[in-house]
Amino acid sequence: MLRLNTKEIEAVGKTTRSDQVIARISTNPNLPAAVRSSHIFLAKKSDELPGGFSYVFCLEDSLKNEDIKASDVSDVYQIPQYLNFVGDGDIVRFNPLKGMLNVLYRKSSAFNALLVTERCNNFCLMCSQPPKDIDDSYIVQDLLKAIPLMSRSSPEICITGGEPTLLGDDLLRLLKALKGNLPSTAVHVLSNGRRFSDPEFTAKMATINHHDLMYGIPVYSDVSNIHDYVVQADGAFDETIRGILNLKQNGQRVEIRVVLHKQTYKRLPQLAMFLARNLLFVDHVALMGLENMGFTKFNMDDLWIDPYDYQKELRDAVEILHRYRMNVSIYNLQLCLLDDWLKPFARKSDLPQFLRTVN
Amino acid sequence: MLSPPKGKFRSLDTFNESLAVGYKLLPFRFIRLDSNRYVLTNEVGEFIVVDDNTLRELVSKVLQPNSDIYNDLKAKHFLFDDDSNVALDLLSLKVRSKYEQLSQFTGLHLFVVTLRCDHSCPYCQVSRQSDDRLAFDMSKETAAKGLELTFKSPSPNIKIEFQGGEPLLNFELIKWIVIEAERMNEVHKRDLQFVITTNLSQINDEILEFARQHGILFSTSLDGPEYIHKANRPRPGDDSYTRTISGINRIRESIGPDSVSALMTTTEKSLGSVKEIIDEYVQQGFHHIFLRPLSPYGFAIKTRWYERYDVDRWLDFYFEGLDYILKLNKDGLPFVEIYASIILNKMFSPFGTTYVDLMSPAGHGIAVIAFNYDGEVYASDESRMLAEMGDKTFRLGNIHKNTYEEMMLSDTLLDALEQSITESVPSCNDCAFQPYCGSDPTFHYATQKDVVGHKAFSAFCRRNMAIMRRLVTLLTDDADARRILMSWVRI
């Protein structure tokens, strides 16, 4: 797994500034001077260090410290080897005072996930990104700076959290920025859907009129109290279902996401029937194997079931959804564990590892 | 790294506390399925089979909260509790979907272009005329008025079906109607479809080429193997079977394999031969069969063929056929019985049916309308069959004398519709099969002289209850049958 964040960046030689930047990485020493200030130059071994960039990075052991110190160029930082994947067009947040670097966006990746807040109103047993009750509104401000720097050839951006809708109008701003700056990029918003139970909020979000936007919303059970238990929030089921209804009423695309584990597998066929009978109009149903991340470790006893042991329930559920012509996919399960009939429904996971913010 | 949040998580039990104060029932109906089980259906046709004791516990409100059956009933919207009331939103949405098609109004428009026929079937339900009497042909003026009325319907899907007699005996008028309808549709922009209901004896290259160019579908009659078909459907030369089969093959070759469908009618002669009849359909390359009883109209009454078997004998025939079809499927041949598939769609699809007999309110006038050769307008195919027997009860008016509004707002139509709403019909209103059933006002009028009819004496009721019981039982008890039956549902 790539490490996207570090606090181990050290300056080499003299520094003239120490402000935090959101900047695009460039390996082009001939980049026109007019745009250099919004870029960080990433030096390769043989490069002469060019001037005019906001900062200059060189990979650990690639340039001799004496050579750097001898050159005219200031504000040069050495980045550790584990960040050697960083390349042209990537976007980073760099704070020289803390020596902190966060890779916000990778141009070479078909799927980039933007963590927009760590706050959440659910507390899911198997949360892969445990929520924090903090003021992290700066993240959106940083992302609003980063989005105009992203490549227009990006196939897909995922908005994740925490719960993105807790941002309210800031989420609106973020999605508008994505729409305006990346006119051919698909956007996938991972939300618990509860905020969309507010018809006014949903109608306002729908005014974005994005060309390719899907809301991915989890429904873990056909029974309200079981869903509420999995997400550890009373009343969540009703809000989520009403949210989905409001989104579809406003012509938004919705994906239902179900994580498969000990609390969800038993009623999986019943959940499939519930979705077919009540939410037939959703655009996609994603059934996903459990990932051993975040809270999952702490709730292993309540969550773990060998995927081999729920193949019957999984097959029954997929048969029902498929029969109702719902678009259904299976993610995060080893093909060798899957019932043969299910294999055509298995997809390669389309989400990269989540970008973790280190504070 | 995070510290383990153990203790921050609440147990499932704490989320069940709101269930302890009890639950409320949502509207549902129940009926005995067999000696120890009931079938429960809710307002939108979701069903569940429970034993006697569970039903008693459910209605006494002593079901164990969070038990499997409690959760099943809650998720299928038979009950709701303090934990969740989104069921009410979902139910109302489902009711709206189920009745949505009513707002589309009439889709099927029957043009009886002639009552003449070259066959002399003793069971003919339309009282055909011998084929040399032009007085029984529709005129171009009548057809033009019919098209005017057709495009008054707000439905986005307009199907024009040519009926007879044998409609191909007046092919010139069919051509005129098709071309005129297409011309009118350049303005109206509906999804326009044509079907010719024909015995195929008159098919020729000109007809085939015209049908191919205009995407016209054919619906024909095939009663089974040659000896049954010929006995049911005599014509001069004793060649009705070979003409039908050769017609089917010619259509498939020149237009396409799915351009022709066939219907069978059960006569006394068919009763012991359901497997042979089904095999005939399989051998002729059909993927489905519609096992249909005779209807009480026309020559079927006059010749008394209608009385030659009762509903119980027909049901034996039907169930033997259904079992055989399920076996064909189990043995690897996908094959569908259409009537069961219509009911299964009512059970599992969110939408209502457009099959006229199983609609509530009835499809009379609002799903189907018939323009007779003589310009008389009837509320259904069966209504004009009744009219040919001298009873014009369901006559809505005359194409040349009455306006669309006069006919569609006539008491004749509105009264029949109002009385056909099974939600309020005596003994339908509390029947668990109500969501799957319909009312056939013409049938009940023809058999009981009353559009509602006493259901205890209704063959329609007896037939449908028996079939629905059988389907629910198969769906509940037989996993293989359930898989096959579910594959007949078209969402």
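Biologist: Which are the buried residues of H8(A)?

Modeller: Keep in mind that this is a predicted model. The buried set in H8(A) runs Leu268(A), Pro269(A), Leu271(A), Ala272(A), Met273(A), Phe274(A), Leu275(A), Ala276(A), Arg277(A) and Asn278(A).

Biologist: Staying in chain A, where does Asn95(A) lie?

Modeller: You'll find Asn95(A) in strand S7 of chain A, which covers residues 91-95.

Biologist: Buried or exposed, and why does Asn95(A) count that way?

Modeller: Buried, because its relative accessibility is 10% and the cut-off for buried is under 20%.

Biologist: And which residues does Asn95(A) touch, leaving out those up to four places away in sequence?

Modeller: Gln20(A) and Met100(A).

Biologist: What about Asp309(A), where is its place?

Modeller: Asp309(A) sits in the loop between helix H9 (300-303) and helix H10 (311-323) of chain A. With 49% relative accessibility, Asp309(A) counts as partly exposed, since exposed means over 50%.

Biologist: Switching to chain B. How many helices and strands are there?

Modeller: Chain B has 19 helices and 16 strands.

Biologist: How much of chain B is made up of buried residues?

Modeller: Buried residues account for 58% of the 491. As for the surface, chain B exposes about 20400 Å², and carbon and sulfur atoms supply 51% of that.

Biologist: What about contacts in chain B between residues at least 6 apart in sequence: what share join residues at least 24 apart?

Modeller: That share is 70%.

Biologist: And the charges, how far apart are their mean positions?

Modeller: For the 55 positive and 68 negative charges of chain B, the mean positions are 1 Å apart.

Biologist: Now the open sheet of nine strands in chain B. What order does it have?

Modeller: The order is S12-S10-S9-S8-S7-S6-S14-S15-S16, with mixed pairing. Strand S12 (291-292) and strand S16 (395-398) stand at the edges with a single partner strand each, so one side of each has no neighbour in the sheet.

Biologist: In what sense do S6(B) and S14(B) pair?

Modeller: Parallel, over four bridges, with S6 spanning residues 108-112 and S14 spanning 368-371 of chain B. There, His109(B) stands opposite Ile369(B) in S14(B).

Biologist: And S6(B) with S7(B), over how many bridges?

Modeller: Five, also in the parallel sense. Leu108(B) stands opposite Lys159(B) in S7(B).

Biologist: How many residues of strand S7 of chain B are buried?

Modeller: Five of the seven in S7 (residues 157-163) are buried, so to speak mostly covered.

Biologist: How do S7(B) and S8(B) pair?

Modeller: In the parallel sense over six bridges, where S8 of chain B is residues 191-197. In that pairing, Asn157(B) stands opposite Asp191(B) in S8(B).

Definitions and conventions:
Residues are numbered from 1 along each chain as its sequence is written. Chains are lettered from A and ligands numbered from 1 in the order in which they are written. This is a predicted model: local features need pLDDT of at least 70, side-chain atom pairs count only at pLDDT 80 or more; totals for chains, interfaces and linings use all residues. Side-chain values use heavy atoms; hydrogens and water are left out. Helices (H or I, at least four residues) and strands (E, at least two) are DSSP runs, numbered from the N terminus. Buried means under 20% relative accessible area, exposed over 50%, partly exposed in between (1.4 Å probe, protein chains only). Contact means heavy atoms within 4.5 Å. Accessible areas come from the Shrake-Rupley method with a 1.4 Å probe; for residues, only the protein chains shown count as cover. Lys and Arg count as positive and Asp and Glu as negative; His and the chain ends are not counted. The place of a charge is taken as NZ of Lys, CZ of Arg, CG of Asp or CD of Glu. Two strands pair if DSSP finds at least two bridges between them.
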